[in-house]
Number of protein chains: 2
Amino acid sequence: MIPRKTIYRLSIYLRCLARLRENSIGTVSSEALAKAAGVKPTQLRKDLAYFGTFGTRGLGYDVNELLQKISEELGTSSLQPVILVGVGNLGLALLSYRGFEKEGFEIIAAFDTDPDRKRDKKISQPIFGMHDMPKFIREKNVKMAILSVPPAVAQNVVNTLVDTGIAGILNFAPIVLAVPEDVMVNNVNLAIELENLSYFIQG
Amino acid sequence: MIPRKTIYRLSIYLRCLARLRENSIGTVSSEALAKAAGVKPTQLRKDLAYFGTFGTRGLGYDVNELLQKISEELGTSSLQPVILVGVGNLGLALLSYRGFEKEGFEIIAAFDTDPDRKRDKKISQPIFGMHDMPKFIREKNVKMAILSVPPAVAQNVVNTLVDTGIAGILNFAPIVLAVPEDVMVNNVNLAIELENLSYFIQG
DNA sequence: AAGTGTTTGTGAATTATTTCACAATGGCAG
DNA sequence: CTGCCATTGTGAAATAATTCACAAACACTT
Ligand SMILES: NC(=O)c1ccc[n+]([C@@H]2O[C@H](COP(=O)([O-])OP(=O)(O)OC[C@H]3O[C@@H](n4cnc5c(N)ncnc54)[C@H](O)[C@@H]3O)[C@@H](O)[C@H]2O)c1
Ligand SMILES: NC(=O)c1ccc[n+]([C@@H]2O[C@H](COP(=O)([O-])OP(=O)(O)OC[C@H]3O[C@@H](n4cnc5c(N)ncnc54)[C@H](O)[C@@H]3O)[C@@H](O)[C@H]2O)c1
C-alpha cells in the first residue's frame, strides 16, 4: 500500500521530469530531482521504491523512463473525462483553463441550474441544465466531477452525483461533504489555506 | 508545538462551529462536532488539548466559547490584508469572490503587468501595475499574497514579493517555488488534485 | 581489468500522528 | 445532597511517515 502522501509527490515528480525533458535533460540524480520537487533525496528514493527500482547506481535516473513509470503507476497514461458543476465566477475560470489537457484531464461538459445565461462566454465546452446531468454521466461513463456551486446546495448536488456513479469529487464549496466511503472527495478551501498561512507566518 | 495538520483541522472546526451558531445551537459534544468535521472524536479532543481545555465533562463544548478560543489560537480575530498578483481568468474569479471577508481576509488590491485592460470589470479592488507593488506592500505592511500568474513568470514575481517583505504565498501556478525558509508557500495545484482523485478511484 | 568515485536502494532508527482505553469530572435527576 | 450517567482530557499504545546510514551496484578513467 503506497502512502497517500507519496502519491501526491509522484505527481510533483512527474511535472519536474516533464520540465527536464523539455530542456533535453536525459538523466537526473535523486538529489537534483528532489531539489526541483522541494523534498529530500531519501524521500524521493523511498517514494519510488514503493513500486519499483528504476535508477542506475552511480548515474541516476533516465528521465524518459522514470516519467513513463510514474505515469503508469498513477494511471495518467489515458485522458480522463471530467465534468464541472456550477458555472459561476470560479467555474468559468476553470472551464477556460487550457492547462488540464496536457496533464491528462479534459473537462468535457459543464452543468448549471441556469445554463442559458452562461452560454455566451468564450468557452469551448457545452453547458447543460442540471436535468441532463444524470443521463450524461451514465452515457459517457464519467467518474470525476469538479464542484463549484454555492455551499448551500453543494450537498444536494453531491447526492445526485454519487447516485449517478461519480466516484471522485474535487470540491470548492467550503463545507464538509457527506459521501459513501467508496467515493473520494478532495477539498480545495482557499479560506483555510489563507488562514493556515496566516498562522504560520505569525507564530 | 501544535502539529501542522491540527492547525488545518482547527480551521475546519471553526467553520462547523460557525454553522452551529447560525443554527442557534449552544453546546456540542466532541462526537457531534467531529462528525460534522469529518474526523474522529478522539482526534478532535486531542487537537483541542494542544492549546487548552474548554469542555465540560458530561455536557460538551460551548459553541461560542470554543469558536472564540480557536479563533484566538489561529489569530483570525483580526482582518488580514492580502494582495493578489496576476489578474487573469482565475485572478478575476478570486477578486470577485465575496467569501473571504467573513473568514477574516480581505484582498485589498491586485497587481498585473497589464492593469488597464482589466480595469473595466465589476470588481471593487483597485488594480495596479507591477511597478507600484513594492511600495504598496511596504506602505500597507502586507504580509500575504495570492499568486495567479502564468508559471513561466511565477518565480520571478515571487522573488520580488519576498524581497518586499511578503511572508506567506498562496500559489496557483503549477511549479515548485524556491523561497527562503522563513517564507511559507501553500500550493494549490488543481491538476495534481485531479490526478490524485483519479488514482484512488481506480486503485 | 582494476581502481575510483557516485549514486542508488533499503533496513533500522527516529519522529510524527492517530487511536485506544479509561480515570476524572461535572451536570442533572430524584 | 447523593449517585448515576454522559462526556471530557490524557497517558500509553499503535500506526504512519520521514530520515539516517551504509552496503551494493554501476559508470568512468586509466
Ligand atoms: N470564486 C472564488 O474565488 C471562490 C473562492 C473560494 C471558494 N469558492 C467557492 O466556490 C463555489 C463557487 O463560487 P463562485 O464564486 O463561482 O460562485 P457563483 O455564485 O459565481 O457561482 C455558482 C454557480 O452555481 C450555480 N448553481 C447554483 N445552484 C446550483 C445547483 N443547485 N446546481 C447547479 N448549479 C447551481 C449558479 O447558477 C452559479 O452559476 C462556492 O461554493 C464558493 O464558496 C469560490
Ligand atoms: N484558470 C484556472 O482555472 C487555473 C487552473 C489551475 C491552475 N491555474 C494556474 O493559475 C495561474 C493563472 O491562471 P489563469 O488562467 O488566470 O491565467 P491567465 O493567463 O488568464 O492570467 C494570468 C495573468 O497574469 C498576468 N501576468 C503575466 N505576467 C505577469 C507578471 N510578470 N507579473 C504580473 N502579472 C503577470 C497576465 O497579464 C494575466 O492577466 C496560472 O499559473 C495557471 O497555470 C489556473
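Reply: Ligand 2 lies between chains A and B. The model is predicted, and every distance and area below is computed from it. The shell around ligand 2 holds 22 residues. The closest of them are A:Y97 from one chain and B:L90, B:D112, B:K118 and B:V149 from the other.

A backbone N or O atom of B:L90, one of the closest residues, is 2.9 Å from an oxygen atom of the ligand. B:V87 also uses a backbone N or O atom, at 3.1 Å from an oxygen atom of ligand 2. For B:D112 the contact is through the side chain, where an N or O atom lies 2.6 Å from a ligand oxygen atom. Ligand 2 taken alone exposes 820 Å², and the protein buries 84% of that area.

Three helices each supply at least two residues of this shell: α5 (89–95) of chain A, and α5 (89–96) and α8 (151–163) of chain B. The largest share is that of α8(B), with 3 residues. By class, the shell around ligand 2 has 15 nonpolar, 5 polar and 2 charged residues.

Ligand 1 can be described in the same order. Its site is shared between chains, because residues from chains A and B surround the ligand. Of the 22 residues around ligand 1, those that come nearest are A:L90, A:D112, A:K118 and A:V149, together with B:Y97. A polar side-chain atom of A:D112 is 2.6 Å from an oxygen atom of ligand 1. A polar backbone atom of A:V149 also lies 2.6 Å from an oxygen atom of this ligand. Chain B contributes through B:Y97, where an N or O atom of the side chain is 2.9 Å from an oxygen atom of ligand 1. Alone, ligand 1 exposes 820 Å², of which the protein buries 84%. The elements that give two or more residues to its shell are α5 and α8 (151–163) of chain A, with α5 of chain B. Among these, α8(A) gives the most, with 3 residues. The shell around ligand 1 divides into 15 nonpolar, 5 polar and 2 charged residues.

Of the atoms of DNA strand D within 4 Å of the protein, 65% belong to sugar and phosphate. A polar side-chain atom of B:Y61 is 2.8 Å from one, and a polar side-chain atom of A:Q43 is 3.2 Å from one. Two or more residues of the surface near DNA strand D come from each of α1 (4–22) and α3 (41–49) of chain A and α3 (41–49) of chain B. The most are given by α3(A), with 4 residues. This surface has 4 nonpolar, 10 polar and 9 charged residues, whereas the shell around ligand 2 has 15 nonpolar, 5 polar and 2 charged.

Note on methods: Residues are numbered from 1 along each chain as its sequence is written. Chains are lettered from A and ligands numbered from 1 in the order in which they are written. This is a predicted model: local features need pLDDT of at least 70, side-chain atom pairs count only at pLDDT 80 or more; totals for chains, interfaces and linings use all residues. Side-chain values use heavy atoms; hydrogens and water are left out. A residue is near a molecule or strand if one of its heavy atoms lies within 4 Å of it. A polar contact is a pair of N or O atoms within 3.5 Å; within protein, one must be able to donate a hydrogen and the other to accept it, and residues adjacent in sequence count only if both atoms are side-chain atoms. Accessible areas come from the Shrake-Rupley method with a 1.4 Å probe; for residues, only the protein chains shown count as cover. Ala, Val, Leu, Ile, Met, Phe, Trp, Tyr, Cys and Pro count as nonpolar, Asp, Glu, Lys and Arg as charged, and the others, Gly among them, as polar.
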